[in-house]
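Please keep the sequence and the model in view while reading.

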Amino acid sequence: MANFRLYYFSEVLKMKVGVNVIIPESSWGHSLADRPRGYRYPVLWLQSGGGFDYTDWQRYTALELYASEAGVAVVCSGTYCSGYMDTYHGDFKYFSQLSIETPKVVRHLFPLSEKPEENFLAGFSMGGYGSLKWLVRDPERFGAIGLFSGLKNIADLPIDDEIKANESFYMFASAFGKQEYVVNTENDICYMIDKQMAAGKKFPRAYMATGVEDAHYQDNVRFMQKYADQGIDAYRVIDHGYHNWEYCDRHVKQYLDWLVAEGKIKETFVRASE
């Protein structure tokens, strides 16, 4: 594998930002120098949970191994406690940096596919919301989405810009403002799904996983059903697990295996049996 920790100056945020890029050199059993001319890797755009950064997937999971097995490049981003927003207070453009600027930068530097059928989204917790927000803006740009105990629709949560520090979601108050600023906007996932489907847009199949021990279990199950009721096909996994990195490690592997089984990416490297 080739594992790059990239820093670049973000024009939209006016500061340095970090991105982790994994390139799977094992795909043909040869070095990166032997990659077929003109080949561009399928790519997984992988988001972390709220408060985490672009390094966490590499530090807490075996992502590099799983990407090598599947033959897929991975771009890991994290927007800290911004809620994957261009924030309401201050207008810090974290979501624009993630979804518009970063793809341009990394595709300029690395051989990453631009074909919709070879681009996949996934996220854990708040990163699930960020991935969904990215998807519903233009659902035909992606081949699949994976949610690993992903917080789903911010419009359904008790967000208020006067939340105190000891209340739930206080860290996101500056990002979202009041709930009324989110409902029926591009930040409202269910509203955007209905809007895009009414416009004739097609959504890719989703992989959704939640553990019964997860504190967000009931919310996750409700959203799985709501997603299906809106007419979108999803492969649902309900198993045992908590809202933690152990669960993420298991399901990012299963998500990549699912993408291979679905024929969305071809398995090109198989670990030797012990």
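The sections below treat the chain as a whole, then its nonpolar cores, and then its aromatic rings.

## Basis of the model

This is a predicted model, in which local features need pLDDT of at least 70, side-chain atom pairs count only at pLDDT 80 or more, and totals for chains, interfaces and linings use all residues. Residues are numbered from 1 along each chain as its sequence is written, and side-chain values use heavy atoms, with hydrogens and water left out.

## The chain as a whole

The protein chain has 8 helices and 8 strands; these are DSSP runs numbered from the N terminus, with helices (H or I) of at least four residues and strands (E) of at least two. Of its 274 residues, 54% count as buried. Buried means under 20% relative accessible area, exposed means over 50%, and partly exposed lies in between (1.4 Å probe, protein chains only).

A contact means heavy atoms within 4.5 Å. Among contacts between residues at least 6 apart in sequence, 71% join residues at least 24 apart.

## Nonpolar cores

A nonpolar core is a set of buried Ala, Val, Leu, Ile, Met, Phe, Trp, Tyr and Cys residues joined through side-chain atoms within 4.5 Å. The largest one holds 48 residues, of which Val-106, Leu-112 and Tyr-227 touch the most other members. Helix 4 (residues 126-137) supplies the largest share of this core, 6 residues. Another core, of 29 residues, lies apart from it and has Ile-22, Ala-122, Ala-209 and Trp-258 among its members.

Leaving out residues up to four places away in sequence, Leu-112 touches Ile-23, Arg-40, Tyr-41, Val-43, Ala-73, Val-75, Val-106 and Arg-107.

## Aromatic rings

A search of the whole structure finds 17 aromatic pairs. Rings of Phe, Tyr and Trp (its six-membered ring) pair if their centres lie within 6.5 Å; planes under 30 degrees apart count as stacked, over 60 as edge-to-face and the rest as tilted. Tyr-207 and Tyr-235 form a tilted pair, 5.7 Å centre to centre with 35 degrees between the planes. Tyr-207 lies in strand 7 (residues 206-211) and Tyr-235 in strand 8 (residues 234-239), so this pair ties together parts that are 28 residues apart in sequence. Tyr-207 counts as buried because its relative accessibility is 1%, whereas Tyr-235, at 36%, counts as partly exposed.

Phe-223 and Tyr-227 also form a tilted pair, 5.7 Å centre to centre with 40 degrees between the planes. Because they are 4 residues apart in helix 7 (residues 217-229), about one helical turn separates them.
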